[in-house]
Amino acid sequence: MKTERLTEKDLERAAELLREGGLVGIPTETVYGLGANGLNEEAVGRIFEAKGRPQDNPLILHIPTGEWLIRYCKEIPQAAFDLASAFWPGPLTMILKARDMIPKRVTAGLETVGMRCPAHPLCRAVLTAAGVPVAAPSGNTSGRPSPTKAEHMLEDMDGKINGILDGGPCTVGVESTIVDLTVWPPRVLRPGGVTLEQLREVLGNVEVDEGVFRLMESGESPRAPGMKYRHYAPKAPVTVVRGAPEQTADYIEAELTEKSGVICFEEYEGRFSGHTVYTIGSVGDLSQQARLLFDALRAFDHSDVTEIWAQGPEDQGLGLAINNRLNKAAGFHVVEVGER
Ligand code: TXA
Ligand code: MG
């Protein structure tokens with residue numbers, strides 16, 4: 001299959017491909033998505049084939065406006081409307097009870113569905129033009145780092161999808177926060193672009209699922225089925241080093257071998273000269289770290305490093321999502337080096 005390269009001027013073509021059951025790479029503010037008409041069972045099935053995604057991992061439905069929520073969900077609690085008015089359009093996915101019209105392939109047979117109204121203007125325009133909810137997981141091959149640029153998505157999907165709509169680099173860079181609103185208190189299943197602190201301002205009480213902090217063992221069934229799979233992983237194994245940045249830099253410097261690669265804060269780049277190093281921004285700049293993380297993880301696959309060491313931020317704000325992605329990329333292989 002030839003993958004059509006589309007830009008803003010080809011909006012109608014992208015919408016047409018979606019309506020007709022094709023697969024289209026779509027930009028969002030978080031990461032690029034692999035979109036298909038969410039009401040078309042066959043089209044949705046093709047998403048799983050193109051990604052090599054396990055069938056039991058449900059998809060998120062993307063809608064152009066929060067008003068569409070009631071079309072596809074039922075028994076919606078007030079908290080969901082409160083969150084929608086605070087954070088939509090934006091990087092928040094809500095798990096709600098699904099109406100019967102949602103194909104079982106989207107929900108992987110669950111009674112619930114993930115709903116998201118993205119903020120990227122071109123994404124909203126294509127959703128509006130398509131006139132259907134768009135089912136879209138992140139646009140990477142299953143297990144690889146999520147794509148934050150159209151080029152990333154083409155690395156994985158060229159020839160497997162009908163088109164890709166280039167909307168430039170993603171501005172958030174980590175995926176949406178997933179909140180389960182079918183339980184009380186609401187529960188964060190995946191930290192993301194909307195922080196826990198922001199959610200607590202609107203909801204008061206919010207719990208964080210334990211799958212955010214540790215590897216789910218075989219036999220356990222996590223609430224977000226995707227949490228049991230290895231994710232975001234470059235080919236070389238990753239070790240995350242947590243602690244005060246000065247100390248984690250010391251630790252990594254001492255452990256480096258000839259073929260080690262490093263993900264570090266800008267301030268420490270000089271410590272690792274002679275090695276393959278990707279900086280993800282300044283120690284305090286969590287937005288920049290989130291934006292650059294997947295790019296860095298992907299970049300190592302074009303180098304000959306055999307192991308990767310990574311400095312991680314604190315868990316506050318966007319740091320919780322950044323650490324979750326780093327920890328998952330590392331298969332939760334994390335070293336703690338003292339207090340911050
Ligand atoms: O930012 C994002 O959310 C991106 C962009 C493209 O919108 N999408 C994304 O989709 O990250 P995906 O499929 O890569 O991750 C969705 C996660 C998976 O871990 C899946 O198991 C979980 O959401 N999920 C989807 N529907 C669910 C449901 N009904 N109940 C629990 N978890 C669900
Ligand atoms: Mg994904």
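Modeller: Start with helix 10 and helix 11. Leu286, Gln289, Ala290, Leu293, Phe294 and Leu297 in helix 10 meet Gly319, Ile322, Arg325, Leu326 and Ala329 in helix 11. Contact means heavy atoms within 4.5 Å. Helices (DSSP H or I, at least four residues) and strands (E, at least two) are numbered from the N terminus. This is a predicted model: local features need pLDDT of at least 70, side-chain atom pairs count only at pLDDT 80 or more, and totals for chains, interfaces and linings use all residues. Residues are numbered from 1 along each chain as its sequence is written, and side-chain values use heavy atoms, without hydrogens and water.

Colleague: How many residues of each class does the contact of helix 10 with helix 11 have?

Modeller: Ala, Val, Leu, Ile, Met, Phe, Trp, Tyr, Cys and Pro count as nonpolar, Asp, Glu, Lys and Arg as charged, and the others, Gly among them, as polar. By that scheme the contact of helix 10 with helix 11 has eight nonpolar, two polar and one charged.

Colleague: At what angle do helix 10 and helix 11 pack?

Modeller: Axes are lines fitted to C-alpha atoms over the stretch in contact, and angles run from 0 to 180 degrees between N-to-C directions. The axes of helix 10 (residues 286-299) and helix 11 (residues 319-329) are 9 Å apart, and the angle is about 20°.

Colleague: Which residues of helix 8 does helix 4 meet?

Modeller: The axes of helix 4 (residues 78-87) and helix 8 (residues 196-203) come within 10 Å and cross at roughly 125°. From helix 4, Ala79, Asp82, Leu83, Ala86 and Phe87 take part. Their partners in helix 8 are Gln198, Leu199, Val202 and Leu203.

Colleague: Is Glu175 buried or exposed?

Modeller: Glu175 lies in the loop between strand 9 (163-165) and strand 10 (177-180). Buried means under 20% relative accessible area, exposed over 50%, partly exposed in between (1.4 Å probe, protein chains only). Glu175 has 4% relative accessibility, so it counts as buried.

Colleague: With which side chain does the side chain of Glu175 make a polar contact?

Modeller: A polar contact is a pair of N or O atoms within 3.5 Å; within protein, one must be able to donate a hydrogen and the other to accept it, and residues adjacent in sequence count only if both atoms are side-chain atoms. Here the distance is 3.4 Å, and the partner is Tyr232.

Colleague: What is the relative accessibility of His231?

Modeller: His231 sits in the loop between strand 12 (207-208) and strand 13 (238-242). His231 counts as buried, because its relative accessibility is 19%.

Terms used: Chains are lettered from A and ligands numbered from 1 in the order in which they are written.
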